[in-house]
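Biologist: I am new to this one, could you walk me through it?

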Amino acid sequence: MDVKILEDLSNAFGPSGFERDVICTAASYLNGMKLHSDAMYNLYAELPGNTGKKPVVMLDAHTDECSLMIQAIQENGRLSVLTLGSMHMSTLPAHSYLIRTRSGKLVRGITTSVPVHFATQAQAMDSQTIEEIFLDVGASDRREVMEDYGIHIGDPAVPEVTFDYDCEHDICFGKAFDNRAGCACIIGTLQELAKDQELPVDVVGAFASQEEVGMRGAEATTHTVKPDLCILFEGSPSDDGIFAEGVMQGQLKHGVQIRRRDLSYISNDQFIDLAHQIGDEYRIPYQDAVRRGGSTNAGKISLVEGVVPVLVLGVPSRYVHTPFNYCSMRDVDAAVQMAVEVIRHLTEEKRDQILRKDAFRFPANTDCRLEKCQNKGK
């Protein structure tokens with residue numbers, strides 16, 4: 001896939017609740033698709049070959065990024081902030097952020113830190129709380145912030161990071177790979193599937209807002225699309241460098257991550273089996289993951305409109321929920337190829353297996369207590 005897609009998505013300004021730049025960027029790469037959006041900045045993209053008569057597969061990825069919002073303006077010109085999304089406080093100080101004002105102007109600010117010259121021993125040892133971290137735009141008082149800089153309470157801010165691609169080593173550097181990598185995967189999947197004359201299902205891409213603040217957008221997109229199945233793309237936190245070889249489940253350049261479980265969702269085994277078969281047959285590199293923590297939109301999607309099986313495909317990304325990330329385009333490509341081939345193989349028989357139709361019926365030779373009880377009753 002063209003790395004420029006990920007570059008433009010990563011550079012886009014998109015805090016939770018302010019995702020307009022992201023969906024406009026995505027839409028620019030979705031020529032030929034039927035597009036519409038809603039009041040939450042959710043974007044929907046339908047394949048031109050959709051019939052409206054087939055089962056629907058929704059492609060999900062969230063558009064928002066972990067960011068800051070101006071909570072108050074101090075008399076000394078410092079800006080109190082709160083986080084939009086889960087961020088470790090140790091990663092916040094001494095970084096450059098861009099604040100978007102109501103007029104659309106971007107103002108650079110630095111997250112405050114205590115210089116070593118003034119820090120107490122306790123301050124040197126402990127990370128600060130969010131109440132102790134401010135944004136400093138260089139102003140000297142509250143009036144200057146509001147009147148000269150045009151900054152107001154409620155203005156959002158994102159890390160000031162510019163995307164770069166090291167083609168020699170296939171490493172992408174940028175911000176918000178959780179989950180602009182997933183958004184790129186939706187685009188790549190739709191572009192590839194648009195070449196097919198006929199598919200066994202209709203496909204709708206849903207770029208969901210506000211995942212980092214409670215998976216809110218996915219609840220709306222699921223109500224709108226009413227999918228039968230879903231493939232979810234996520235910029236998953238890589239764990240290479242965290243765990244030992246053999247324990248790692250999200251390594252860069254080791255392929256798409258197939259998530260089996262996290263705090264929001266336990267995967268559908270039939271959907272996982274199909275992904276494994278596709279990966280083995282088409283030689284798509286993949287790695288399975290069982291996560292002790294974390295969550296994705298699958299927690300909402302799987303339950304909002306009845307029961308919706310979700311296949312969660314991750315692009316391993318280092319240092320997510322911090323200002324700077326790494327990922328590999330080969331993992332992006334593996335996620336796209338996996339999704340494309342899974343969709344092409346969603347025959348009626350496969351869909352019925354994934355949807356577990358007639359799951360209560362057991363083969364005659366199954367050693368099942370329920371079956372034995374039923375036979376005994378006869």
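Modeller: Contact here means heavy atoms within 4.5 Å, while helices (H or I, at least four residues) and strands (E, at least two) are DSSP runs numbered from the N terminus. This is a predicted model, in which local features need pLDDT of at least 70, side-chain atom pairs count only at pLDDT 80 or more, and totals for chains, interfaces and linings use all residues. Residues are numbered from 1 along each chain as its sequence is written, and side-chain values use heavy atoms, with hydrogens and water left out.

Biologist: What follows H6?

Modeller: Lys-226 does, and its phi is positive, near 55°.

Biologist: Switching to the sheet, what is the order of its strands?

Modeller: The order is S1-S2-S12-S3-S13-S16-S14-S15, an open sheet of eight strands with mixed pairing, where two strands pair if DSSP finds at least two bridges between them. Its edge strands, each pairing on one side only, are S1 (34-37) and S15 (286-290).

Biologist: In which sense do S2 and S12 pair?

Modeller: S2 (residues 43-46) and S12 (residues 202-208) are antiparallel, with four bridges between them, and Glu-46 stands opposite Val-204 in S12.

Biologist: Which strands does helix H9 lie across?

Modeller: H9, residues 329-344, lies across S3 (56-62), S12, S13 (229-234), S14 (256-261), S15 and S16.

Biologist: New topic, how many aromatic pairs are there?

Modeller: There are three aromatic pairs, counted when ring centres of Phe, Tyr or Trp (its six-membered ring) lie within 6.5 Å, with planes under 30 degrees apart called stacked, over 60 edge-to-face and the rest tilted. Among them is the stacked pair of Phe-173 and Phe-324, at 5.9 Å centre to centre and 15° between the planes. This pair links distant parts of the chain, 151 residues apart, with Phe-173 in strand S11 (171-174) and Phe-324 in the loop between S16 (310-314) and S17 (325-327).

Biologist: Why do Phe-173 and Phe-324 count as partly exposed?

Modeller: Phe-173 does because its relative accessibility is 26%, and Phe-324 because its value is 34%.

Biologist: And which residues form the aromatic cluster?

Modeller: Phe-173, Phe-324 and Tyr-326 form one aromatic cluster.

Terms used: Buried means under 20% relative accessible area, exposed over 50%, partly exposed in between (1.4 Å probe, protein chains only). Axes are lines fitted to C-alpha atoms, for helices over the stretch in contact, and angles run from 0 to 180 degrees between N-to-C directions.
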